[in-house]
Amino acid sequence: MKLQHLLSVVALTISAAKGQSATAGLTTWEQIHQTLNTYPLAVDFKNAALFPHVFAPNAVANYTGALSNMTGIEAITQGLLASVSSLITQHQLGTTTIDISVPGAKGGDPDDKTGRTANATTYFTAALFSSAPETPGAYTILFGLYSDELVETDVTDGPSPWRIVKRQLVFMTPTLGNLTLG
Ligand SMILES: *[C@@H]1O[C@H](CO)[C@@H](O)[C@H](O)[C@H]1NC(C)=O
Ligand SMILES: *[C@@H]1O[C@H](CO)[C@@H](O)[C@H](O)[C@H]1NC(C)=O
Ligand SMILES: *[C@@H]1O[C@H](CO)[C@@H](O)[C@H](O)[C@H]1NC(C)=O
Ligand SMILES: *[C@@H]1O[C@H](CO)[C@@H](O)[C@H](O)[C@H]1NC(C)=O
């Protein structure tokens with residue numbers, strides 16, 4: 001893919017993330033889906049500005065190993081961007097279930113959207129290729145899922161007010177390839 005095209009994809013993503021109109025008409029499920037699907041763009045394009053559209057400021061994330069206790073948006077952004085700094089990556093999301101709590105359904109005000117929470121399970125396939133000169137051609141493909149807890153925030157300047165507050169990465173199968181991840 002040409003660099004110019006990659007850059008225009010990133011520019012589109014950022015303008016979509018900033019545009020108020022992007023929210024119009026999305027259901028709650030679609031808003032959460034949008035949040036979940038912004039993650040691959042953030043990490044694959046190494047775009048720190050997109051992480052706050054995915055994770056809440058106080059989020060915690062466990063990607064196991066050296067990244068098993070990332071606490072707060074800064075630690076998550078820095079930890080994940082450092083982990084892909086010498087890699088070219090593509091994260092592909094698949095099977096998705098989203099479970100939304102609706103306070104109104106339990107006798108509260110159905111129009112009161114504050115305090116809603118959701119849980120999501122999303123399969124991923126991550127293809128990681130080394131861009132380090134010491135390991136030309138090395139790659140690995142990882143298969144797993146993200147188990148997420150999300151909250152609805154009052155953020156209005158983007159396609160979704162939902163943010164991940166807790167993420168647990170679970171590997172589901174052995175990995176492919178010959179790249180050893182530090
Ligand atoms: C992170 O996840 C791993 C694998 O499930 C678990 O063994 C570990 O205790 C977790 N660490 C934290 C800090 O939650
Ligand atoms: C995870 O990090 C937080 C904040 O740095 C710390 O308070 C907590 O003790 C750590 N948990 C583990 C299991 O290391
Ligand atoms: C999400 O999972 C947590 C932990 O298992 C649970 O306490 C909570 O009720 C779940 N929320 C929803 C909306 O399913
Ligand atoms: C990894 O495998 C690729 C494809 O077979 C090969 O080109 C490359 O030399 C291997 N790299 C290492 C570091 O083993």
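This is a predicted model: local features need pLDDT of at least 70, side-chain atom pairs count only at pLDDT 80 or more; totals for chains, interfaces and linings use all residues.
1. Residues are numbered from 1 along each chain as its sequence is written, chains are lettered from A and ligands numbered from 1 in the order written, and side-chain values use heavy atoms, leaving out hydrogens and water.

2. Who sits around ligand 1? Asn62, Ser68, Asn69 and Gln168 do (a residue is near if one of its heavy atoms lies within 4 Å). An N or O atom in the side chain of Asn62 is 2.3 Å from an oxygen atom of the ligand, and a polar side-chain atom of Gln168 is 3.1 Å from a ligand oxygen. On its own, ligand 1 exposes 360 Å², of which the protein buries 37% (Shrake-Rupley method, 1.4 Å probe).

3. Now have a look at the second largest pocket, with a volume of about 210 Å³. A pocket here is an open set of points on a 1 Å grid over the protein atoms alone, where a 1.4 Å probe fits, with protein on both sides within 12 Å along at least five of seven lines; lining residues have an atom within 4 Å of a point.

4. Which element gives the most to this lining? Strand 3 (87–100) does, with six residues. Helix 2 (28–44) supplies at least two, and the lining as a whole divides into five nonpolar, four polar and two charged residues.

Terms used
A polar contact is a pair of N or O atoms within 3.5 Å; within protein, one must be able to donate a hydrogen and the other to accept it, and residues adjacent in sequence count only if both atoms are side-chain atoms. Grid points are joined across faces, edges and corners, and a volume is the space filled by probe spheres set on the points. Helices (H or I, at least four residues) and strands (E, at least two) are DSSP runs, numbered from the N terminus. Ala, Val, Leu, Ile, Met, Phe, Trp, Tyr, Cys and Pro count as nonpolar, Asp, Glu, Lys and Arg as charged, and the others, Gly among them, as polar.
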